Amino acid sequence: MGSTMPAYAKRERLMPMRRSFLRLGCAAILLCGTALASDDDFHVDTMQARMVSQSLQLTGNVDLELTPEVKEAIANGITMEFVFDVRLYRYRAWLWNQTLENWRLRRQLHYHALSGQYLVGSEVNRPHNRDAYSSLAEALRHIGTIDEVLPLNATLVPQHDYRVGVRTALDLEALPPLLRPVAYTSRAWDLNSGWTTWPLQR
């Protein structure tokens, strides 16, 4: 990304924090004009929800298609967080559905420019617990692969109809403060699969 600094400014005199603000400012300028709709989005491809003992075993795949604006931000070192919301509810045809459990899973993606690798972590703020990938496509495939065992506190009745809802979204609140207003007003950053429903197998 080209610098917007005046020619007379000497790069070596800038403090590290000031350089970070300049990089974020450049990214915000580039993103301000990108409010057009995009075909890129998130899509829950396949998902299987099964009862295992007193737990919910969730396996499946989510296609994570990023817009050019988000890819550019990643390339410039901005960390992205992906949120997977999961809810278990009892389906009732004549009444509102009864939600029994809610879970939230997180995946974090960061591009490490020095090594040229994409780092993926399942726990936020745990930089030493990350997997490294050589391409963005590989990293996104890993993030979108769901294989989780979630604790279940509710007691299920055999004759009731239970279903699992899954939603995946890019967490805009996790972006640097300077980029959030741009992201909230740009459809290029509105990446959300919406809720999909899957039967609970027992």
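This is a predicted model: local features need pLDDT of at least 70, side-chain atom pairs count only at pLDDT 80 or more; totals for chains, interfaces and linings use all residues.

Glutamine 108 sits in strand β4, which covers residues 98-112. Buried or exposed, that glutamine 108? Its relative accessibility is 6%, so glutamine 108 counts as buried.

Glu81, Arg106 and Asp171 are linked in a network of salt bridges. One piece of that: the side chains of aspartate 171 and arginine 106 meet at 2.8 Å, N to O.

How many salt bridges do we get altogether? The count comes to six. Arginine 104 and aspartate 85 meet through their side chains in a salt bridge of 2.7 Å, N to O. Arginine 104 belongs to strand β4 and aspartate 85 to strand β3, so this pair ties together parts that are 19 residues apart in sequence. Then aspartate 85 also forms a salt bridge with the side chain of arginine 167, this time at 3.1 Å, N to O. Here the partner lies in strand β8, so the pair of aspartate 85 and arginine 167 ties together parts that are 82 residues apart in sequence. Aspartate 85 itself is at 10% relative accessibility, which means buried, while arginine 167, with a relative accessible area of 25%, is partly exposed.

Okay, let's zoom out to the sheet. What order do the strands come in? It's an open sheet of nine strands, and reading across you get β6-β5-β4-β3-β8-β9-β1-β2-β7, with mixed pairing. The edges are β6 (130-133) and β7 (145-151); each has a single partner strand, so one side of each is left without a neighbour in the sheet. From one strand to the next, the twist averages 20 degrees.

Let's go through some of the pairings. β3 and β8 are antiparallel, joined over nine bridges, and one example is phenylalanine 84, whose bridge partner in β8 is threonine 168. Next along, β8 and β9 are antiparallel too, over four bridges, with valine 164 standing opposite tryptophan 198 in β9. Then β1 and β9 (residues 196-201) run parallel, joined by two bridges, and arginine 50 stands opposite glutamine 201 in β9. As for β8 itself, residues 162-170, the strand is mostly covered, with seven of its nine residues buried.

Now a residue I'd like you to click on: tyrosine 89, in strand β3, residues 80-90. Tyrosine 89 has a relative accessible area of 8%, so that's a buried one. What does tyrosine 89 contact, beyond its neighbours within four places in sequence? The list is Asn97, Gln98, Thr99, Leu100, Asp161, Tyr162, Arg163, Gly165 and Thr197. With threonine 197 there's a polar contact between the side chains, at 3.4 Å. And with threonine 99, which is 10 residues away along the chain, the C-alpha to C-alpha separation is 4.1 Å.

On to the helices. In α2, residues 68-75, the buried ones are Glu69, Val70, Ala73 and Ile74. Those four cover an arc of only 140 degrees around the axis, which puts them on the same side of α2. If you want the reason behind that spacing, an α-helix has 3.6 residues a turn, so residues three or four places apart point the same way. Helix α3, residues 136-144, has Leu136, Ala139, Leu140, Ile143 and Gly144 buried. Their arc is only 130 degrees around the axis, so they're on the same side of α3.

Last stop, two backbone spots. Just after α2, glycine 77 takes a positive phi of about 90 degrees. Serine 53 has a positive phi as well, about 55 degrees, although it is not a glycine. Where does serine 53 sit? In the loop between β1 (42-52) and β2 (55-64). At 69% relative accessibility, serine 53 counts as exposed, because the cut-off for that is over 50%.

Key. Residues are numbered from 1 along each chain as its sequence is written. Side-chain values use heavy atoms; hydrogens and water are left out. Buried means under 20% relative accessible area, exposed over 50%, partly exposed in between (1.4 Å probe, protein chains only). The arc is that of the directions from the helix axis to the C-beta atoms. Contact means heavy atoms within 4.5 Å. A polar contact is a pair of N or O atoms within 3.5 Å; within protein, one must be able to donate a hydrogen and the other to accept it, and residues adjacent in sequence count only if both atoms are side-chain atoms. Two strands pair if DSSP finds at least two bridges between them. Axes are lines fitted to C-alpha atoms, for helices over the stretch in contact, and angles run from 0 to 180 degrees between N-to-C directions. A salt bridge is a side-chain nitrogen of Lys or Arg within 4 Å of a carboxyl oxygen of Asp or Glu.
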